[in-house]
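Subject: Structure handover

Hello,

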Amino acid sequence: HPQAAGAGGRSARLRGPRPRAEQGRRDHGVRGPDGRRARRTAAERAVQPAAAAGRGGAGGPPPPAGGAPIADAALVESLRKQLNDAQRALAAHSTAHVHARSQQNPKYPPRFPVEDAKVSWKVPWPEYSPVPFVAPSVLAAERSDANPNGWADSPRPNLAELKHRLSCEGPLFFDADQRPVNPRGRTGVCGRGMLGKWGPNRAADPIVTRWKPGDKRKLQIVAIQRGDTGVWALPGGMVDAGEVVSVTVRREFAEEAGNMASDAERAAFNAAVDELFAHGEVVYRGYVD
């Protein structure tokens, strides 16, 4: 996305005695109103000493006569804010994208810095000012009357067309300028970047493996080294309009991994690829950071 599940049900699990570390972690539970032991998050445990001090705990003032609680609205509000901030930070860190906020790709301009706690769109951030960016290659490929076969969308989102673009993340969300936003949160950049389409940009990545010849304890995988960032990646690419995903993975694999020196090698490679991609299964469908 520019700016961009498994079936439910219960299963029975068997488990032995808990390790010491887990026993210690569960022992931090507290009793709820019904007498049951409830777990506290790390954020709650971090705030607990300050809260205890406010209640007359160790290091704090003694409780007033009669056991009545100390009425300190400022302290309560401060602790509540600390707890909420910590919980938001923990939740954001567990789902926040990383590469979409990085400067790994040198073709992107410096992004507006986005820390983990402020990735989510649910976190108010009036000061957020993402950097506008659309790659020159995308601008040159925009579909228009002069370029009807362009693979990239026009500069302004076509809302009627976007209604038919489904995302694995759910419904599309838009900013104040009616541009689709990244469903996982802020990236520090607005616009299409190096992606050609508003909203979801569909890609297909084949995962091709084999057991190492002579040593079936080691599994090998086909990977390529990207020319723009130097990182290793699966040999995949973008799905063309109207293209079936199985065709995409075969085409991209042949293009990116089939750089053979001779015609004979290339013919043998293509025959092997045809046999290989006659079978396969989808192992993941969703957002890729």
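Which residues does V138 touch, not counting residues up to four places away in sequence? V138 touches W151, A152, R192, G193, M194, L195 and G196. Contact means heavy atoms within 4.5 Å.

Some ground rules. This is a predicted model, in which local features need pLDDT of at least 70 and side-chain atom pairs count only at pLDDT 80 or more, while totals for chains, interfaces and linings use all residues. Residues are numbered from 1 along each chain as its sequence is written, and side-chain values use heavy atoms, with hydrogens and water left out.

Confidence. pLDDT is the predictor's confidence in each residue, from 0 to 100. The chain has a mean pLDDT of 77, with 72% of residues at 70 or more. Strand 3 (residues 131-134) has the highest confidence, at 96. Helix 1 (residues 20-26) has the lowest, at a mean of 40. Over residues 3-68, pLDDT stays under 50. Where pLDDT is low, the predicted coordinates should not be read in detail.

Overall build. The chain has seven helices and 10 strands. These are DSSP runs numbered from the N terminus: helices are H or I, at least four residues, and strands are E, at least two. Of the 289 residues in the chain, 25% are buried. Buried means under 20% relative accessible area, exposed over 50%, and partly exposed in between (1.4 Å probe, protein chains only).

Core. V138 also belongs to the largest nonpolar core. A nonpolar core is a set of buried Ala, Val, Leu, Ile, Met, Phe, Trp, Tyr and Cys residues joined through side-chain atoms within 4.5 Å.

N105. This residue sits in the loop between helix 3 (73-95) and strand 3. N105 is buried, at 15% relative accessible area. Its contacts beyond four places in sequence are M194, D228 and T229. N105 and T229 are 124 residues apart in sequence, yet 5.5 Å apart in space, C-alpha to C-alpha.

Helix 6. Residues 245-257 form this helix of 13 residues. Its buried residues are T248, V249, E252, F253 and A254. Their cover includes strand 5 (203-204), strand 10 (237-238) and helix 7 (263-276).

Cysteines. The structure holds zero disulfides, a disulfide being a pair of cysteine sulfur atoms within 2.5 Å. C190 is buried, at 6% relative accessible area. C168 is partly exposed, at 44%.

Best wishes

Definitions and conventions
Expected span 1.5 Å × (residues − 1).
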